[in-house]
Each structure stands twice: as structure tokens, then as C-alpha cells.
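Here is a short briefing on aromatic rings and helix packing. Please have a look at the model first, then read on.

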Amino acid sequence: MIGTLAELWGYLREDYATHSTTLEVTALKPGFLAVAFYRIGVWANGRPWLPRAIIRRLLSVPVYFIRNCFGIALPASSRVGRRLKIVNQGGIVIHARARLGDDCVIRQGVTIGFAGSRGPGSVPVLGDRVEVGAGAIVAGAARIGDDVRIAANAVVMRDVPAGSIVAAPPVRIMAPPPRRAERAAGGG
């Protein structure tokens, strides 16, 4: 919960520094924009009902833009720790009740959501300093420990102990299909 404007400003400064590079204007980066509007939404959720309703109405346009144009769905009802870094845009979906720890890194095509049961404990919880590779899926009631790295395209649906590396299954190399000339000559 972000209580005061000073706390909100502190979170936004941290997120800005997390996304900063010397080559790009950080304030225009989709990852930073998604996290910034998430923080503002969390701050708005702590306001009395009338200011909250007004702020949420004003936030709806940039939030829809970020979701539909940049492909980043990060609802204000999820719980995200400090310094979340979204490296690349596109296809990122974080469930409304998911919990992410501090200093997490999310790459493009990541889904963090529920699978099957829709009970209160059916969404993932990521610890601190978790890195999720491109195209990875963390689903169900998986509890991911601190300092875990989830490789690209991995599907995680169970608990992972702290300090682990989760990799996708190894690739299988298959023989290519016969070429047309070989098939015509009776070679297959």
C-alpha cells in the first residue's frame, strides 16, 4: 500500500532509476510507463471513494493504452514489490492477485496467472530477485523462492526453491522431411 504522495514519488524515482539507460528516454519506455501507472493505481486504491473513483477514471485511458498498444497487463490489484523491471514489451500478463517480490525482472511474452482453481491461493507468488525469461509461464499456486531464474519458454506450475534455475525441456533435433527431388526419384 502506498499511503502518501511522498511515498508514491519515492517508488516512481526508484522505478525510473531501475529502467534507466543512457541511450533512451526512460519516461517513454513501455516497461516504466506500465509500472508507473501501476504505482499510481495502487496509490489511488488507498484514497477515499470519491477521489479514488475520479483518479481511476482518469487512469483508465493510459492503462488501456499500455495494455492494448504495448501489450502489458499489470492491474493495480496485484501486489508488486519495489523496483520491478519490465525489460521488453509485448504479451506480458500478470494476474490481478499475483504477488511479485522486490527487484524482479520480467521479459516479453511472460504470463503470471492462475491455472484451474480460482481460490485465493491459486495464483503465483514470486520471491525477491526473480528473473523470468521471454515466453515463460508461471501458473497456479506456484511459490517461487528468492534469487530464482526462470529460463525462456519454461512452464512453472509447482514450487521452486530459492536460488534455483528453471529451464525449459531440451530441444529435440529431428531429421528434415525429404526434399521434393528425393520424393520424385523414389527416395522417400
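Buried means under 20% relative accessible area, exposed means over 50%, and partly exposed is in between (1.4 Å probe, protein chains only). Please note that this is a predicted model, where local features need pLDDT of at least 70, side-chain atom pairs count only at pLDDT 80 or more, and totals for chains, interfaces and linings use all residues. Residues are numbered from 1 along each chain as its sequence is written, and side-chain values use heavy atoms, with hydrogens and water left out.

**Aromatic rings**

- Rings of Phe, Tyr and Trp (its six-membered ring) pair if their centres lie within 6.5 Å; planes under 30 degrees apart are stacked, over 60 edge-to-face and the rest tilted.
- The count by this rule is 2 aromatic pairs.
- Tyr16 is partly exposed at 38% relative accessibility, whereas Phe32 is buried at 9%.
- Phe65 and Phe70 also pair edge-to-face, at 5.3 Å centre to centre and 80° between the planes.
- Phe65 is partly exposed at 44%, and Phe70 is buried at 16%.

**Helix packing**

- Contact means heavy atoms within 4.5 Å.
- Residues of α2, including Phe37 and Trp43, meet residues of α3, among them Leu59 and Phe70.

Technical notes. Helices (H or I, at least four residues) and strands (E, at least two) are DSSP runs, numbered from the N terminus.
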